[in-house]
Amino acid sequence: MHKNVLGTTSFFESFLPLLGSSRHCETVICPPFLDIANAVKSTRGSNIRIGAQNLYWENDGAFTGEVSGPMIKASGCAYVIVGHSERRRYFGETDETVLKKTIGALDAGLTPIVCIGERHEKNVETVLTEQFRCGIAGLSDKQFAAIVIGYEPIWAIGAGETATPEVAADAHRRIRAQARERFGTEAANNVRILYGGSVKPDNASGLLAQSEIDGFLVGGASLEPVSFAALVNLLSSSQVAAQSVAETAF
C-alpha cells in the first residue's frame, strides 16, 4: 500500500530511463488497484507488464469491496499476485481460497503469481508441503503450466534478513520436487519459482547464482527506482535471464 497516482507517475518517469536495453528479463509491477490505470498508461510502449496485488474468485456479484479477475484483465493487467504472505497473515487467506483465486485468475486470462512460504525457518518442509498440496496441487496440468510460484520465507521479510542462497535454493528444490511428483518432470522444470525474502541489489547476485532460483518477488527494494532498476538489469544480464521474472508490489 505505497504510492498514489502521482507517485506512480513519478516512479515510472525515474525508473524507465534506468533500464538497460535487454528484453530477456520479464518485469511485472503490481501497484495498488487505484494506481493500475496510471501504471498501464505510464508503461505503454515499454517491456513492463502490470499486475494486481489480489483478486476475488467470482466474476461478479454482491461482494462489496472485492475486485474480480475480468475487471483486472480489462484494466490492462496481465498478472495478479495470489496468496501473498500479508494476505494470509492479515486477511485470513487460506490454501483453499488461494486455489480458488488461482483458478479465477486463470479463467480471466491472467497469470497468477502464487505465493507460498513458511513463517518459521524450522517449519519449511511441513509448510511448503501443505501449502502446495492444498493450494496448487488441485490445479489441472494445463492450469499449472500457466502459473508462476513465489517462495516467501516470511521470517526473512521485513527483518532485513534474507535466506542464504543455499537455504533459498533448497526450498525451491523442495517446491520443484512436489511439482515433479504431482505434474511430472517437464512441468516441474518449466515452472518459474521466484524468491521473495528481502531481496536487494547487494544480495541478488548470490541468490541468482543458484540454478533453482528463476527470479525475484521484490518488496521494499522495488519502491525506489534506482534499487529496483539495478535488480532488473542484473536479471537481464544473467545467464538464466531467459527464464527470469522480476516482480514487485508497490
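1. Helices here are DSSP runs of H or I with at least four residues, and strands are runs of E with at least two, both numbered from the N terminus. The model is predicted. Just after helix 5, Gly 109 has a positive phi of about 85 degrees.

2. Helix 5 itself covers residues 95–107. Its 13 residues should span 18 Å at 1.5 Å a residue, and the end C-alpha atoms lie 18 Å apart, so the two values agree. Its buried residues are Asp 95, Thr 97, Val 98, Leu 99, Lys 101, Thr 102, Gly 104, Ala 105 and Leu 106. What do the buried residues of helix 5 pack against? They pack against strand 3 (79–82), helix 4 (85–91), strand 4, helix 6 (124–135) and helix 7 (141–144).

3. Asp 95 deserves a separate look. It is one of the buried residues of helix 5. It forms a salt bridge with Arg 88, with the closest N and O atoms 2.7 Å apart. Are Asp 95 and Arg 88 buried or exposed? Both are buried.

4. Helix 6 has 12 residues. From first C-alpha to last it reaches 16 Å, close to the 16 Å expected at 1.5 Å a residue. Val 124, Leu 128, Gln 131, Phe 132, Cys 134 and Gly 135 are its buried residues. Their cover includes helix 4, helix 5, strand 4, helix 7, strand 5 and helix 8.

5. Strand 1 (residues 26–30) runs parallel to strand 2, joined by 3 bridges. Ile 29 stands opposite Ile 50 in strand 2. The chain passes from strand 1 through helix 2 (residues 36–42) to strand 2, and this β-α-β crossover is right-handed. Strand 2 (residues 48–52) is largely enclosed by the rest of the structure, because 4 of its 5 residues are buried.

6. Strand 2 also pairs with strand 3, in the parallel sense, over 2 bridges. Gly 51 stands opposite Tyr 79 in strand 3.

7. Strand 5 pairs in the parallel sense with strand 4 (residues 111–116) over 4 bridges. It is also joined to strand 6 by 4 bridges, again in parallel. Which residue of strand 5 is the bridge partner of Cys 115? The partner is Gly 150. Toward strand 6, Ile 149 has Ile 193 as its bridge partner.

8. Leu 194 stands opposite Gly 215 in strand 7. Strand 6, helix 10 (residues 201–208) and strand 7 form a right-handed β-α-β unit.

9. The model has 11 salt bridges. One of them joins the side chains of Arg 192 and Glu 26, at 2.6 Å from N to O. This pair links distant parts of the chain: Arg 192 is in strand 6 (residues 192–195), Glu 26 is in strand 1, and 166 residues separate them.

10. Another salt bridge lies within a helix. The side chains of Arg 174 and Asp 170 meet at 3.0 Å, N to O. Both sit in helix 8 (residues 165–183), and because they are 4 residues apart, about one helical turn separates them. Arg 174 is partly exposed, with a relative accessible area of 27%, and Asp 170 is partly exposed at 30%. Salt bridges that share partners join Glu 125, Asp 170, Arg 173 and Arg 174 into one network.

11. Last, the aromatic rings. The count is 9 aromatic pairs. Phe 11 and Phe 12 have ring centres 5.3 Å apart and planes at 85 degrees, so the pair is edge-to-face. Both residues are buried. Ring pairs link Phe 11, Phe 12, Phe 15 and Phe 228 into a cluster.

Technical notes
Residues numbered from 1 in each chain as written. Predicted model: local features only at pLDDT ≥ 70, side-chain atom pairs only at ≥ 80, totals over all residues. Heavy atoms only, no water. Salt bridge = Lys/Arg side-chain N within 4 Å of Asp/Glu carboxyl O. Buried < 20%, exposed > 50% of the residue type's maximum accessible area, 1.4 Å probe, protein only. Pairing = 2+ DSSP bridges. Phe/Tyr/Trp six-rings, centres within 6.5 Å; stacked < 30°, edge-to-face > 60°. Right-handed = clockwise from strand over helix to strand, strands pointing away. Expected span 1.5 Å × (residues − 1). Contact = heavy atoms within 4.5 Å.
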